Amino acid sequence: MKKISSILSIAILSLLMVSCGDDDAKSGDKRSGGAMASNAAERVYVAPGEHDEFYALISGGYSGNLTVYGLPSGRMLKEIPVFSQFPTNGYGYSEETIPMLNTSFGFVPWGDSHHPDISQTNGETDGRWVFINENNTPRIARISLETFETEEIIEIPHSAGNHSSSFVTENTEYVVAGTRFSVPYPQEDVAISNMKGNFKGPLTFIAVDDEGHMKIDFQLKMPGFNYDLSHPGRGDSHGWFFFTTYNTEEAHTLQEVNASQNDKDFIAAVNWKKIQEYVANGGGEEIDAEYAHNVFDHATHTATSTMMKKVLTVDPRDVEGAVYFMPTPKSPHGCDVDPSGEYIVGNGKLSTDLTVHSFSKMLKAIENQDFDGDAYGIPILNFESTLAGTVKEGGLGPLHTEFDGKGNAYTTFFISSEVVKWKLGTWEVLDRQPSYYSVGHLMIPGGNSRKPEGKYMISMNKITKDRYLPTGPELEHSAQLYDITGDKMELLLDFPTHGEPHYAAGISADKVKANSKKIYRLDENKHKYAALSEDATKVVREGNEVHVYMTTVRSHFSPDNIEGIKVGDKVYFHVTNLEQDFDVPHGFAMIGANTSELLIMPGQTKTIIWEPKKEGVWPFYCTDFCSALHQEMQGYVRVSGR
Ligand code: CUK
Ligand code: CUA
């Protein structure tokens, strides 16, 4: 590969920095709405009592959570705790959910989530689950779209900066995780300058079964590049997975002069079906690995964490035809596959053009062995031989692309702060709209599948500036909703989003199974400390541990007067909510408890620990307004000296 000291790259990088400054490129017309539809208000208005047409599941970035919005209204419906403790409902604080945040590094109650992706059947979003990655302490979570709760978290061993994740194949055979940092594989104490040629970039393929349970099938021991975004093939390219790479120079310090020298990095094309077969026939090598696998069980309402010890690793060179590199200009970030599966779009973030590869040309090039050498034994395909086309004058700093299912693609440009619509096949630019400001990802419901629901697009912008009433230097990020049914994109709405929403997944509401029904049934409650009726409530002492089997129902706790507790005891409140209605939670808060409160759903049992420090008579109460007598929902614990 040709090494050129890329002056353009550096120029663009400096632009990248100033684009966040006060004089945004192309954002001079502040607070004008771009191509704002005159009847925009009407088109996003969802009348009181009416429901939105789509769910938008928006990553909460460094909040570690996933936030649910309705489209087109932009109304925030729920925040789902995933990788972070959440006092609102005690997630990560209650004894039942603490194991969800266990890792090989111990309890890690925070995360940086980036890319949600909805499970698919036959290439269509199916509304069963949404997966999301955690970048910092590499993990993938599965959230049920029936309960809107996090049900499973698997840690990714031998990975660092779990970024190319968590995209699913078209029948949810795999959810895939990459590594943004190359690392010693397995980890060891070596000089950082030892990196080049020695560090690896393992790509992890996690099999998903019919119940949604995740299990690492294999890890592909790739060369030590940085792996960025990824996308599964679909249709004809089903069976392949594509990953962008950057820093193929393998520089261990990423001052731009070191890491952006190569004019082209790669898109790695991985034939996972071949590797799956190889592994099924006993291929690969088991190596030591330490990673937590945390599963929430619905019958017991309790999560368990298992520490796994081995992972199967595959050297791509051992599987004929498993991996090829497609040269792609200018440090590609996004890697997006169109609904037909034929086009693979590489967004070179230091470029103005977009490079589109053709899957069918790629197959031909492989057949003809149209190679330009290799990288660590992996064939590099000739650039021209896979090139389908180039989108010229797209803008500056392309990041991500989505599709509307009508032959059009939409690409975000961070530096020139705009969304550009272009045509697949002819590569002509059809429309461009400024974003306010500096857009990262964009999302079209189903835009990651064979059947996009191409009615709306949201752009998720990094800079908020003057879009809302000022709230100090920290401003929530801003999303913008466009109607994309016409020739031109029409801006309809701005709405703030929580954390940094790198990406989002969308689905029409009628495909989601959540409805007004009871999730936790009392008659199916297998929690070890459940009290299924008021008669079953009790206080049991075991040494200095005290278990209070408590129930709640409008509007009292049972028991509500507890005596015989001593300073130094460890008191477990196991609270079962006996309500019959599906949506009447009760809360439980104890004075001085430093482990948050509980929010217990009907039929559910949850546990919180309280360690009294002082003698006295101490109150507890219900935190969730549950009836006219909510304020009467209270009790006392008497604490005596030892
Ligand atoms: S990344 Cu944030 S804008 Cu994590 Cu998908 Cu490109
Ligand atoms: Cu129960 Cu308020």
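Here are a few questions and answers on a predicted model.

User: How are residues, chains and ligands labelled, and which pLDDT limits apply?
Analyst: Residues count from 1 along each chain as its sequence is written, while chains are lettered from A and ligands numbered from 1 in the order written. As this is a predicted model, local features need pLDDT of at least 70 and side-chain atom pairs count only at pLDDT 80 or more, though totals for chains, interfaces and linings use all residues.

User: How far apart do the C-alpha centres of domain 1 and domain 2 lie?
Analyst: The bounds come from an automatic or database domain assignment, which gives domain 1 (7-511) and domain 2 (524-640). Their C-alpha centres are separated by 42 Å.

User: How many residues does each domain put into the contact?
Analyst: Residues are in contact if their C-beta atoms, placed from the backbone, lie within 7 Å. On that basis, domain 1 gives 12 residues and domain 2 gives 15 residues.

User: Which elements give two or more residues to the shell around ligand 1?
Analyst: A residue is near the ligand if its C-beta atom, placed from the backbone, lies within 6 Å of it. The surrounding residues include H114, H115, L399, H400, G440 and H441. Strands are DSSP runs (E, at least two residues), numbered from the N terminus, and the elements asked for are β26 (398-403) and β30 (439-443).

User: Which residue in β29 is the bridge partner of V419?
Analyst: Strand β28 (residues 418-423) pairs with β29 over five bridges, in the antiparallel sense. The β29 partner of V419 is Q433.

Key
Two residues are in contact if their C-beta atoms, placed from the backbone, lie within 7 Å. Helices (H or I, at least four residues) and strands (E, at least two) are DSSP runs, numbered from the N terminus. Two strands pair if DSSP finds at least two bridges between them.
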